[in-house]
Amino acid sequence: MGNYNSGRRSEIKCTEDCLSIDIRRWQRDNLLRVGLDFNRTWSCRGEVTATINVKIKLDQVRLSYSYRKKGSEWEKLDYSVKLQTTPCRYGGVRYWFICPAMGCGRRVALLYLGNKIFACRHCYQLAYRSQRKPLCDRKASRADKLRDTLKWEAGILNGNGCKPKGMHWKTYHRLVTAHDEHVNKSMAALLMM
Ligand SMILES: [Zn+2]
């Protein structure tokens, strides 16, 4: 699961795994407050694999991180992603990212870090269900089985949940680690389509 913490670390080393940011989760966690500045961190086996710094502006978010492809130099990236809101049926608003990829501009809830920048699944040609590659499918369904044990909402794109009542922390951490590995492999398979 992604953690939010303060600090200045912002290096992304994990280029084979797919990293995603989810505006619905940021909204749920009450992070979409103008002026707020937080780090979004990904870990693997208890080790931080990637961190981006996020700054919330009036109608955009600013993303800063360093990125490198295998065997190349680190590259510093710093750019804004526009935000839009749509009214909810029962009051309030729903937030969306506007995909920053050139010529896209789609309104989406999730952006993926594929090749250097975050972009929507259309841009990375991420396909769901019928278009999935077998490896992606296999990994996703293994992750889903673990989600079931963890009593999390089905579907790897729904993010991670909490520890179920009565489960030992040790068991919980073991299951989450296995889950995250399947998710990363599944997303990596999608990105390579
Ligand atoms: Zn896009």
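A residue is buried if 20 or more other C-beta atoms lie within 10 Å of its own, exposed if 12 or fewer, and partly exposed in between, with C-beta atoms placed from the backbone.

**Entry 1: the model**

I am reading a predicted model, where local features need pLDDT of at least 70, side-chain atom pairs count only at pLDDT 80 or more, and totals for chains, interfaces and linings use all residues. Residues are numbered from 1 along each chain as its sequence is written.

**Entry 2: Asn-30**

I looked up Asn-30. Its phi is near 60 degrees, a positive value in a residue other than glycine. Most residues other than glycine have a negative phi. Where is Asn-30 placed? I found Asn-30 in the loop between α1 (23-28) and β4 (37-44). Helices (H or I, at least four residues) and strands (E, at least two) are DSSP runs, numbered from the N terminus. Is Asn-30 buried or exposed? Asn-30 has 8 other C-beta atoms within 10 Å, so I put it down as exposed.

**Entry 3: Lys-151**

Next I checked Lys-151. Lys-151 is not a glycine, yet it has a positive phi of about 60 degrees. Lys-151 sits in the loop between α2 (134-149) and α3 (169-191). Lys-151 counts as exposed because it has 12 C-beta neighbours inside 10 Å.

**Entry 4: the open sheet**

I turned to the strands. Two strands pair if DSSP finds at least two bridges between them. What is the order of the open sheet of 3 strands? I read β3-β10-β11, with antiparallel pairing. The edge strands are β3 (19-22) and β11 (118-119), and each pairs on one side only.

I then went through the pairs. β3 and β10 run antiparallel and are joined by 4 bridges. Asp-22 has Leu-110 in β10 as its bridge partner. β10 (residues 110-113) is joined to β11 by 2 bridges, again antiparallel. Here Tyr-112 stands opposite Ala-119 in β11.

**Entry 5**

How many bridges join β7 to β8? I noted 5 bridges between β7 (residues 75-87) and β8 (residues 93-98), which run antiparallel. Leu-83 stands opposite Phe-97 in β8. The hairpin of β7 and β8 has 5 residues between the strands, and Gly-91 there takes a positive phi near 95 degrees.

I followed β8 onward. β8 runs antiparallel to β9 (residues 107-108), with 2 bridges joining them. Phe-97 has Val-108 in β9 as its bridge partner.
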